[in-house]
Amino acid sequence: MENLLGLLRIHVERGVNLAIRDVVSSDPYVVIKMGKQKLKTRVVKKNLNPEWNDDLTLSISDPHAPVHLHVYDKDTFSLDDKMGDADFTIGPFIEAVKMRLSGLPNNTIVTKVLPSRQNCLAEESHIVWKDGKVVQNLVLRLRNVECGEVELQLNWIDIPGSRHL
């Protein structure tokens with residue numbers, strides 16, 4: 001607890017154009033890993049464009065650790081099929097949270113993260129001030145698969161007694 005900086009809420013919004021792993025469709029779910037933490041969304045049956053709208057919360061002690069996202073197809077009688085993966089870092093998001101902003105107009109862009117070979121962003125990601133907090137929307141292009149993207153939203157939760165950023 002003494003090393004904890006705060007909590008990162010990851011809102012897993014939807015998958016777009018995911019790969020087919022069963023006969024004509026897939027039953028996808030997302031697994032998010034960071035360090036020793038592992039969280040997963042619910043399975044959405046027979047859908048290549050699933051809408052999860054699930055909130056997953058990671059405790060953050062190392063802001064430089066990468067977050068790993070994996071998409072799987074749920075199978076009943078065999079191991080779940082891989083449907084791609086992506087990595088992202090929360091460094092720029094944490095830097096925006098550290099600014100301790102307040103009083104900005106809604107949807108003010110604090111900073112931007114550009115897609116590059118070092119990240120899995122499908123498009124430019126904006127870190128914005130929205131409803132009194134810092135929010136980042138991400139569209140991640142899945143690797144090791146023929147197609148697919150996953151849309152996420154990051155939110156920071158301060159916890160009393162945690163180490164300050």
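**Cysteines.** I began with the sulfur of Cys120 and found that its closest cysteine sulfur, the one in Cys147, is 15 Å away, which is too far for a bond. I am working from a predicted model, and I keep that in mind for each entry below. A disulfide is a covalent bond between the sulfur atoms of two cysteines, and I noted that the structure holds zero of them. The cut-off I needed for this step is 2.5 Å between the two sulfur atoms. I also looked up how far each cysteine is covered: Cys120 counts as buried because its relative accessibility is 7%, whereas Cys147, with a relative accessible area of 24%, is partly exposed.

**Salt bridges.** How many salt bridges does the structure hold? I recorded 10, and I followed some of them up by residue.

I turned to Glu151 and Arg14, which form a salt bridge with their closest N and O atoms 2.5 Å apart. Glu151 lies in strand 10 (residues 149-157) and Arg14 in strand 1 (residues 6-16), so this pair ties together parts of the chain that are 137 residues apart in sequence. Is Glu151 buried or exposed? I found it at 18% relative accessibility, so it counts as buried, while Arg14, at 27%, counts as partly exposed.

I looked next at helix 1 (residues 91-98), where Glu95 and Lys98 both lie, three residues apart, or about one turn of the helix. Their side chains meet in a salt bridge, at 3.3 Å from N to O. For Glu95 I noted 43% relative accessibility, so it counts as partly exposed, and for Lys98 I noted 38%, which also makes it partly exposed.

A further entry concerns Glu149 and Arg141, whose salt bridge has its closest N and O atoms 3.4 Å apart. Glu149 counts as partly exposed because its relative accessibility is 22%, and Arg141 is partly exposed with a relative accessible area of 43%.

**Positive patch.** Which residues gather in a patch of positive charge on the surface? I listed Lys38, Lys40, Lys45, Lys46 and Lys74. I placed one of them, Lys74, in the loop between strand 5 (67-73) and strand 6 (81-88), and I noted that at 35% relative accessibility it counts as partly exposed.

**Backbone angles.** I kept in mind that most residues other than glycine have a negative phi. Against that background I wrote down Arg100, whose phi is near 50°, a positive value in a residue other than glycine. I found Arg100 in the loop between helix 1 and strand 7 (108-113), where it counts as partly exposed at 44% relative accessibility.

I made a like entry for Asp131, whose phi is near 55°, also a positive value in a residue other than glycine. Where is Asp131 found? I located it in the loop between strand 8 (125-130) and strand 9 (133-141), and since its relative accessibility is 59%, it counts as exposed.

**Distances along and across the chain.** I checked Ser102, which is found in the loop between helix 1 and strand 7 and is exposed, with a relative accessible area of 59%. Its C-alpha atom is separated by 8.1 Å from that of Lys133, although the two residues are 31 residues apart along the chain.

My last entry is on Val30, which I found in strand 2 (residues 28-34). At 0% relative accessibility Val30 counts as buried. I took the distance from Val30 to Ile109 as well, and noted that the two are 79 residues apart in sequence and 28 Å apart in space, C-alpha to C-alpha.

Methods
Residues numbered from 1 in each chain as written. Predicted model: local features only at pLDDT ≥ 70, side-chain atom pairs only at ≥ 80, totals over all residues. Heavy atoms only, no water. Patch = residues over 30% accessible without salt bridge, like charges linked within 9 Å, V, L, I, M, F, W, Y side chains within 5 Å. Areas by Shrake-Rupley, 256 points an atom, 1.4 Å probe, with all protein chains shown as cover. Salt bridge = Lys/Arg side-chain N within 4 Å of Asp/Glu carboxyl O. Lys, Arg positive; Asp, Glu negative; His and termini not counted. Charge placed at Lys NZ, Arg CZ, Asp CG, Glu CD. Helix = DSSP H or I, 4+ residues; strand = E, 2+ residues; numbered from the N terminus. Buried < 20%, exposed > 50% of the residue type's maximum accessible area, 1.4 Å probe, protein only.
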